[in-house]
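Here are some exercises to work through with the structure open beside you. Try each task before you read its solution.

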Amino acid sequence: MVSRTQAHSQPLPWRQELRQAINSPRDLLAALDLPPDLLPGAQSGHELFRVRAPWPFVQRMRKGDPHDPLLRQVLPLELETKNPGHFLADPVGDLSSRQTPGLLHKYQGRVLLIAGGACAINCRYCFRREYPYAGNSAVSDHFASALRYIAEHNDVHEVILSGGDPLLLATARLREFTDALLAIPHIRRLRLHSRIPIVLPSRITDNFVAWIKELAWPVTLVLHGNHANEVDEAVIQGLNRLRQAGAILLNQAVLLRGINDHATHQAALAETLFDAGVLPYYLHLLDQVRGSAHFEVSASEASALMQQLRRQLPGYLVPRLVREEAGAPYKIPLL
Ligand SMILES: *Cc1c(COP(=O)(O)O)cnc(C)c1O
Ligand code: SF4
């Protein structure tokens, strides 16, 4: 039996996995038996936005395959340094919709809080790859001003904890935040945007599940998975527990060239996630962030894919294809 003191001195398994995450191009290539000639290109991308990939995610990749759809999401390429001029640092206007540090109020009725600076994984196409997180985290550093803003805006009914990844915060910190939120009567819904149930399923601890279960509002957890191969047995178990705790599970994906840009990929993703209790939400066109141009799928290609997808799936398994435009009052739907 583990004594109480021992249990306290041991870091949680997910914290350990996070600390052991791959954080250099060299280690990533070595883990997958990939040739060293990929290293210089990977290194140049890594200097712009560093590699980060936890082992539970890396273990789902095929060894020896530089085109593996999971690897492509985390392996930097030299292409990231070649940048068309219309690819920007802040393509979706996040900084101009900031109301207090880390609080974005873009759309009617809901605010999005940058809950913390880091993610468990660094996705090469991330639209926040250049977001100045330091000093911009609403939950860790600017708790009081974010709460004050929400309290003063009684037309805000939903709080979205996003990131960075909110699930990197300690459960005690999340609980502290939601306890404080209870004092604001116009809040009716809580939402979490997180990639962690997919990339680091050990984060779904008993304590975390208990927090979800005890929350005073309906909770929606919007996951971020792009490819069916991201879902393994550990992911499914974590998702089942979240569902049993009462969370509504949705998924958003980004349409990425060479990764999930065929209807067959999207159909497999939707069906695999549905088996794990998750419904599709958004399929995003790539945000034109610097360093990501090689992932772009055009709007017309995306629409053609959607037509094929509608033939293959029931309507409730078809995600909404959207594009985010700076200054627009909602994410713009495409057919
Ligand atoms: C995407 C986003 C939301 C959520 O939009 P929904 O359409 O409600 O999913 C809210 N706030 C900001 C700033 C966003 O970028
Ligand atoms: S998990 Fe989301 S916010 Fe974090 S790096 Fe990936 S795309 Fe960006």
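**Exercise 1.** Find the bridge partner of Val-222 in β7, and say in which sense β6 and β7 pair.

*Solution.* Start from Val-222: its bridge partner in β7 is Leu-250. Now widen the view to the two strands. Strand β6 covers residues 219-224 and strand β7 residues 248-254; they pair in the parallel sense, over 5 bridges. Keep in mind throughout that this is a predicted model.

**Exercise 2.** Work out the order of the strands in the sheet, and explain which strands stand at its edges.

*Solution.* Step one is to trace the sheet: it is open, has 10 strands and runs in the order β1-β2-β3-β4-β5-β6-β7-β8-β9-β10, with mixed pairing. Step two is to look at the ends: β1 (98-100) and β10 (332-333) each have a single partner strand, so one side of each has no neighbour in the sheet.

**Exercise 3.** Follow β3 and describe how it pairs with β2 and with β4.

*Solution.* 
- Begin with β2 (residues 103-107), which pairs with β3 in the antiparallel sense over 3 bridges. Here Tyr-107 stands opposite Arg-110 of β3.
- Next, turn to β4 (residues 158-162): β3 and β4 pair in the parallel sense, over 5 bridges. Leu-113 has Leu-161 of β4 as its bridge partner.
- Continue to β5, which runs parallel to β4 and is joined to it by 4 bridges. Val-159 stands opposite Leu-190 in β5.
- In β3 (residues 110-114), 4 of the 5 residues are buried, and in β5, 5 of the 6 are buried. Helix α8 (residues 171-181) lies across β3, β4 and β5, running at about 165° to β4.

**Exercise 4.** Explain what the salt bridge between Arg-60 and Asp-232 ties together, then look at other salt bridges in the structure.

*Solution.* The closest N and O atoms of Arg-60 and Asp-232 are 3.1 Å apart. Arg-60 lies in the loop between α5 (55-58) and α6 (71-74), and Asp-232 in the loop between β6 and α11 (233-244), so the pair ties together parts that are 172 residues apart in sequence. Arg-60 is buried at 12% relative accessible area, while Asp-232 is partly exposed at 25%.

The structure holds 17 salt bridges. Among them, Glu-324 pairs with Lys-331 at 3.1 Å between the closest N and O atoms, and both residues are buried. Glu-325 meets Arg-323 at 3.4 Å, N to O; here Glu-325 is partly exposed at 35% and Arg-323 is partly exposed at 31%.

Definitions and conventions: Residues are numbered from 1 along each chain as its sequence is written. Chains are lettered from A and ligands numbered from 1 in the order in which they are written. This is a predicted model: local features need pLDDT of at least 70, side-chain atom pairs count only at pLDDT 80 or more; totals for chains, interfaces and linings use all residues. Side-chain values use heavy atoms; hydrogens and water are left out. Buried means under 20% relative accessible area, exposed over 50%, partly exposed in between (1.4 Å probe, protein chains only). Two strands pair if DSSP finds at least two bridges between them. Contact means heavy atoms within 4.5 Å. Axes are lines fitted to C-alpha atoms, for helices over the stretch in contact, and angles run from 0 to 180 degrees between N-to-C directions. A salt bridge is a side-chain nitrogen of Lys or Arg within 4 Å of a carboxyl oxygen of Asp or Glu.
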